[in-house]
Amino acid sequence: MHAMATGADAAAGGVAVPSFAMAATACPPSDVEAAAAEPPPDVAAVVASAVAGCDADLGSLPVASCGATLGSAPPQELCKDLAMFLGSWQSRRFGLLSLQPREHPEESDSWCEEGPDLLIRRQRCRADGGPPKELGRLFVCSDPRHVENWGRKVVAELPAPSSSSSSAPSHWLWLKPLSKWRVLWTSHDGSEVLDVWDRRLLEAIEKAAAWIDLQGLITHFRDHGYQALGQDELTASARSVALCITTKNRLWQLRRALPLNLLHCWPHRRWTTIHIVDFGSTDETLEWIMSRCRAAIDAGLLKVYYTDRQPFWHASIAKNTAHMVATEDIVVNLDGDNLIGPNFPVDVVNRFVQDGYSVLQYEDGDGTCGRIACSRGDFVRIRGYDEDAYPMGAQDVDLVHRLKELPNARFKKVRGSVHSQAIQNTQEAKVASCSPYYGRLKWSQMDAMNRSVFAQRRLKGHVVRNVTLENIGVKAWLIPGSDEPHS
């Protein structure tokens, strides 16, 4: 029989909360930035490897990628410098773009030696089915007035940075290739980054949607799909929202859920941020995020953190960490295997602002019990999830009960919505990364013992937990997503 792991017991077992953990009472952005600037050597090596690896694959782009939006193979007269750009790209400034040859190449305004230019169209994906909006063109410039030493450069002629309208004065953006999947567009002297194009997120979304369809889950891809990525205007909100994700060696689920969740949050990125903390995964989780989801990082929608300060999985410690790096008004726990559906952040804010709720639980089926939304202030007030517990089981239910005990709390369990789906898990997988200190306890055993102890604490009126700890969660380092500033 295993005894309940107290703080001292946990320390002996290697799952204690380090004394340098992020403060429970405050986690200003400066703390995160300072940690990111000078991580210890072991963390710095992991971060550097993940960031460098995502841009290492230089070469020509396979024309078959993003097949859902590509046209035919490149015509023979199209020069090789432009062939790699055929198809769909996600632009930080303009959203979803489609690059195709002109139907009548002789109408091209500018020719290079190998052939005509490419048209750049904005895939607006409007509900009325309007045609793509022509924005500009892509061509090869060999004019010695613009290119030194009689060289050649790829140029995008697009509306000036002050406007996204195709009727605005044209502006030349000069190519700075990073990889075959991601390119920067700069000013002529290279001193200013004017746009970033990426296509790996598009590929990841399509693969995720195909896999989710096979599982009998609803992707909302056909009815919403790229409409979110191509939406003309960003939405506004009275509250900011943080979706807090933790992960350790669960890439097989994350790569099916995260791309779709990014898709559904894309129009709301001005006030929604997804914070994901990786707890020392060894299955290349970090490398996958940095390479496949870089467009979301560039756009400011996704923030990625890494920590090696928690060697074994402990759900409460992990979730406290992810919530404390967030600074938004409303924090939502989002398990890495959950699918949020279209406009989930909008639904959360509406229920808080219009309906007056202070606690929401989007539980509707297996794997969604942990989808809990509350204000960041309330989360800090009760000092988060109870860390003096077995590493898995009952922490979500306990958090909801304690939030409901706060003065003037209003709770709603949201059922029957499009926002509550999860990729199924086995109970063995849930405890696979837990400390061997707990022996061979099953998830059901941990859950039962945690439920009992948590209930006793609530009966004694202990709404606030972790009171003997100086901080909650562990320290995590923000990974720099790109060198250029967000627009």
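This is a predicted model: local features need pLDDT of at least 70, side-chain atom pairs count only at pLDDT 80 or more; totals for chains, interfaces and linings use all residues.

Residues are numbered from 1 along each chain as its sequence is written, and side-chain values use heavy atoms, with hydrogens and water left out.

**Stop 1: aromatic rings**

The structure holds 12 aromatic pairs; rings of Phe, Tyr and Trp (its six-membered ring) pair if their centres lie within 6.5 Å, and planes under 30 degrees apart count as stacked, over 60 as edge-to-face and the rest as tilted. Select Phe-344 and Tyr-362: their ring centres are 4.9 Å apart and their planes stand at 75 degrees, so this pair is edge-to-face. The pair links distant parts of the chain, with Phe-344 in helix α10 (residues 344-353) and Tyr-362, 18 residues away, in the loop between β14 (359-361) and β15 (372-375). Helices (H or I, at least four residues) and strands (E, at least two) are DSSP runs, numbered from the N terminus.

Are Phe-344 and Tyr-362 buried or exposed? Both are buried, where buried means under 20% relative accessible area, exposed over 50% and partly exposed in between (1.4 Å probe, protein chains only).

A charge sits over a ring if NZ of Lys or CZ of Arg is within 6 Å of the ring centre and within 35 degrees of the ring normal. Lys-404 also lies over a ring face, that of Phe-411, at 4.7 Å from the centre. Then select Phe-85, Trp-89, Trp-185 and Trp-197, which form one aromatic cluster.

**Stop 2: Val-346**

Go back to helix α10 and pick Val-346. Val-346 is partly exposed, with a relative accessible area of 27%.

**Stop 3: helix pairs**

Show α6 (residues 251-265) and α7 (residues 285-292), whose axes come within 10 Å and cross at roughly 20 degrees. Axes are lines fitted to C-alpha atoms, for helices over the stretch in contact, and angles run from 0 to 180 degrees between N-to-C directions. The two helices α6 and α7 are therefore roughly parallel (angles under 35 degrees count as roughly parallel, over 145 as roughly antiparallel, 65 to 115 as roughly perpendicular and the rest as oblique).

**Stop 4: positive phi**

Most residues other than glycine have a negative phi. Asn-249, however, has a positive phi of about 55 degrees; look for Asn-249 in the loop between β9 (241-247) and α6. Asn-249 is partly exposed at 28% relative accessible area. Next select Asn-466, where phi is also positive, near 55 degrees. Asn-466 is in the loop between α14 (443-459) and β18 (477-478) and counts as buried at 8% relative accessibility.

**Stop 5: Arg-102**

Finish at Arg-102, in the loop between β2 (95-101) and β3 (118-122). Arg-102 is buried, with a relative accessible area of 14%. Show Asp-117 too: a polar contact of 2.8 Å joins the two side chains. A polar contact is a pair of N or O atoms within 3.5 Å; within protein, one must be able to donate a hydrogen and the other to accept it, and residues adjacent in sequence count only if both atoms are side-chain atoms.
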